[in-house]
Amino acid sequence: MMRKFGAPLVVVTLLVSGTAFAEGDLYIYNWSDYTAPDMVEKFETETGINVIIDTYDSNETALAKLQSGATGYDIVVPSQHFVEIMIKEDLLQKVAVHQMENFGNVDPRWTYPSWDPDQEYSAPWNWGSASFSYRADLYSGSGESLSEFFEPSEEVCGRLGVFEAPDEVINMANLYLGLPYCSEDPAEMTRIQELLVNQKPCVTTYSSEGLNDRLANEEVIISAHWNGYSKKGREAGADIVYAYPQEGIVGWYDSVVVPVGASNIENAKIFMNFMMDPENAAMQSNFSHYANAIMGSGPYLDESLSSAPELNVPADVPVIFGEACSPAAQKLIDRVWTKVLQ
Amino acid sequence: MISLPRNSRTRTWLGLAPAWLVIGVFMLVPIALMAVISFLEANPYGGVHFNFSTDAYVQIAFEYDLEDNLVFNPIYINIILRSVGLSILATVVCLVIGFPVAYFITLQPPSKRNFYIYLITIPFWTNLLIRTFSWILILGRNGVIETPLLLTGVIDDSLNMMYTNGAITVGLAYSYLPLMILPIYASLERLDFRLVEAASDLYAHRLEIMTKVIIPLSMPGIVAGCMLVYIPSLGAFIAPDLLGGGKRLLLGSLVQFQFATARNWPFGAAIAMVLLAFVVVALMIYARSARKRALIEGDL
C-alpha cells in the first residue's frame with residue numbers, strides 16, 4: 001500500500017535540524033512526504049525539542065521494523081488496522097491520549113475509534129479514502145457506482161488502472177458485492193475472485209505509483225485512487241474527478257502512536273497534544289492534502305483544501321474503514337490476489 | 001608471476017582474509033538466514049514463529065483445497081516458468097544485439113575502441129529506475145514512438161506497446177545489454193586475427209569464418225555475458241513492475257509480495273531459495289563449459 005505521492009522505493013532518512021536546546025530529541029517514524037516541515041519547525045521553536053524524522057513506505061514496513069525490535073522511535077504513524085495489530089502484538093505503549101489537554105478538540109466522530117476503543121494509545125493524524133478517479137473529459141460515465149470500476153464498459157476496457165496491493169482493491173470489491181471486509185467464507189471470496197479475474201482483461205496496470213501521470217497522459221481513463229493524491233492530479237491540470245460511488249468508499253485513518261522502547265516518551269506526549277491543536281493540525285493538512293480530525297482547524301486550512309471535492313465526502317456516501325483481518329481471512333485475500341495476478 | 005616469500009601460505013591466507021570476511025558476512029550469512037527462515041512457521045502478522053516446518057516448500061507446488069486435501073497447484077510453478085522464459089528471451093535479445101556491437105568495436109582501431117567502450121558504460125551513470133521510467137515515455141501512449149506515427153497517419157490508434165511481456169523484455173534487455181557487450185568484447189579483443197586470415201586462406205566463407213573460428217574462440221565471453229544477463233533478469237523487479245504494469249507476477253515481484261503484503265516470510269524465503277537454485281544451476285553449467293574448454297585448450 002503506497003498512497004503517498006510517488007513515495008521512493010528506498011526509505012530516505014530526512015534529518016530536520018532545529019534549535020537544539022537541552023529539551024532532548026523526538027524521533028518520528030512516518031510515511032515519506034507526509035510530515036509538514038513548517039509544523040515541525042513550529043513544534044521545535046515552541047518546545048525546544050529537536051525532531052528527527054525517518055520514513056517508511058507501507059504499514060507493513062513499519063510493522064516489520066517494530067517487530068524486529070527496532071527501538072529508538074518515539075512516534076510512529078500507522079493506519080487504523082495496523083494500530084489494532086500493533087496493540088495486539090504488544091508493540092505500543094499506553095499514553096492515555098484521552099486525558100490530554102487538547103483531546104477536547106477532536107471531532108466526536110473520531111473519538112474512541114473501534115481500533116483503540118479507550119483512546120489509550122492513539123491520537124489523530126490525517127484521514128482519507130480510497131475509491132476511483134476518472135477523466136471527466138474522456139469518460140462518459142459519472143462515477144456513481146463501483147460497477148464502472150469492476151465491470152468496465154468498452155470505452156474503459158484496456159484503459160483501467162488498479163492498485164498494486166490487494167488491501168483496498170478487495171475492500172472495494174467487498175463494498176460493491178455488499179460483503180463484509182475480511183471475510184473468512186471461501187464462497188464469498190470466490191465471488192470476489194471471479195469479479196477481479198473478469199475485470200483483469202480490461203486492466204492496463206496494477207500499480208500504486210504514478211496514478212496521476214497515467215491519467216494525465218491518457219494511458220488510463222479510470223484509475224483506483226486516493227482522495228488527496230487525486231486532488232493533486234486535478235490541481236496539476238488534468239480533468240480528474242474523484243468518484244463517490246453509492247456503494248461507499250474505503251476509509252483509512254492514520255494515528256500518532258508511541259512504540260514500546262521509545263526513549264523520549266514525555267516528548268512524544270507533548271507532540272501528540274501539539275498535533276490535536278487546530279492550527280497545527282491544519283498545517284499538517286495543508287502539507288499532506290488530507291483531512292484531519294480536529295474541530296476548529298477549518299479557518300486555518302488553505303482555501304484549496306476546504307473547498308476540495310476530494311476532501312468533502314457527500315453525506316449519503318458511506319465511508320467504511322479497513323479492518324485488521326484475521327489470519328484466515330488474510331490467507332484468503334492473498335490466495336485471491338495471487339490467483340488474479342498468476 | 002611474482003615469487004612469494006617463504007611463509008607464503010600464511011601470507012596468502014592473510015591476504016585473502018578480507019575477501020572471505022566480505023563473502024561470509026555479506027553473502028553466506030544472509031543466505032543462511034534466508035534458508036533458516038524458509039523452514040520456519042509464518043507469523044500471520046509478519047515475521048516467523050520458531051517452529052520447524054516445510055510448509056513453505058510444499059506451498060510452491062501444492063495447496064489445501066476446501067476439504068483440506070493436498071492438491072497440485074500450478075500457480076507458482078507457472079510464475080517460475082514465466083520468469084525463466086522471459087529471462088532466457090532477454091538473454092537471447094541481448095546476445096543478438098550485443099555480439100555484433102562487441103564485434104564492431106573490436107574491428108575499430110585501438111585508439112577508438114576505448115571511446116566506444118566508454119559510450120557503452122555511460123548508461124550506468126544514471127539510476128536504473130529512472131532509465132526504466134524513460135521507457136514508459138518512449139513506449140507509452142502519446143510517447144516518443146507513437147506520436148509521430150499518429151501525426152503522420154501511419155496508425156490511427158495507440159499501439160498498446162506498454163504493459164506487455166514485450167515491454168518487459170525490452171526493459172530487461174536494455175538494462176543488462178552492457179553486461180553482454182563487455183565480456184564478449186573482452187574475448188574478441190584477445191582473438192588472434194591471424195587465425196581469421198588463415199581460415200580465409202583456406203577458402204572458408206565469411207559465414208564459416210564466423211561460425212567456425214570467431215564464435216568458438218569468443219565462447220568464454222558469450223557464456224559469461226549470457227550468465228551476467230540471465231541471472232539478474234531472473235530476479236528483476238523494476239522492469240516487470242514498471243513496464244509490465246504488474247499484471248503478471250514474476251519471481252522478483254512474488255518474493256516482494258510475500259514479504260511486504262502477504263506477510264508470509266517463510267514462503268517468500270522459500271521462493272528466494274528456488275530462485276537461488278536456478279542461479280546455481282546456471283553457474284554450474286557455466287563452470288562445466290569452462291572446464292571442458294580448458295581441457296580442449298590443454299590438448300592443443
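Before counting anything, I noted that a contact means heavy atoms within 4.5 Å. With that in hand, I looked up chain B: among its contacts between residues at least 6 apart in sequence, 64% join residues at least 24 apart.

**Ground rules.** I am working with a predicted model, where local features need pLDDT of at least 70, side-chain atom pairs count only at pLDDT 80 or more, and totals for chains, interfaces and linings use all residues. Residues are numbered from 1 along each chain as its sequence is written, chains are lettered from A and ligands numbered from 1 in the order in which they are written, and side-chain values use heavy atoms, with hydrogens and water left out.

**Chain B overall.** I found 13 helices and 4 strands in chain B; helices (H or I, at least four residues) and strands (E, at least two) are DSSP runs, numbered from the N terminus. Its radius of gyration is 24 Å, well over the 19 Å that the globule rule gives for 300 residues, so chain B is more spread out than a compact globule. That radius is taken over C-alpha atoms, and the rule is 2.2 Å times the number of residues to the power 0.38. The C-alpha trace of chain B spans about 75 × 75 × 35 Å along its principal axes. Buried residues make up 40% of the 300 residues in chain B, where buried means under 20% relative accessible area, exposed over 50%, and partly exposed in between (1.4 Å probe, protein chains only).

Which residues here have a positive phi although they are not glycine? I noted Asn160(B), at about 50 degrees, and Tyr163(B), at about 60 degrees. I kept in mind that most residues other than glycine have a negative phi. Asn160(B) lies in the loop between helix H6 (146-151) and helix H7 (165-190) of chain B, and Tyr163(B) is found in the loop between H6 and H7 too. Asn160(B) is partly exposed, with a relative accessible area of 48%, whereas Tyr163(B) is buried at 4%.

**Chain A overall.** My tally for chain A is 12 helices and 11 strands. Chain A has a radius of gyration of 20 Å, close to the 20 Å from the globule rule for 342 residues, so it is as compact as a globular protein of that length. Its C-alpha trace spans about 65 × 45 × 35 Å along the principal axes, and 61% of the 342 residues are buried.

**Helix H8 of chain A.** What covers the buried residues of H8(A)? First I listed those residues: in H8 (residues 227-235), Asn227(A), Gly228(A), Tyr229(A), Ser230(A), Lys231(A) and Gly233(A) are buried. Their cover includes strand E5 (123-135), helix H7 (211-216), strand E8 (222-226), strand E9 (240-242) and helix H11 (303-306) of chain A. Just after H8(A), Gly237(A) takes a positive phi of about 125 degrees.

**Where the chains meet.** I found 34 residues of chain A in contact with 31 residues of chain B. The two chains bury about 2,900 Å² between them, 54% of it on carbon and sulfur atoms; buried area is the accessible area (1.4 Å probe) that two parts lose on being put together, summed over both. Glu219(A), Thr338(A) and Gln342(A) supply 19% of the area that chain A buries against chain B, more than any other three residues.
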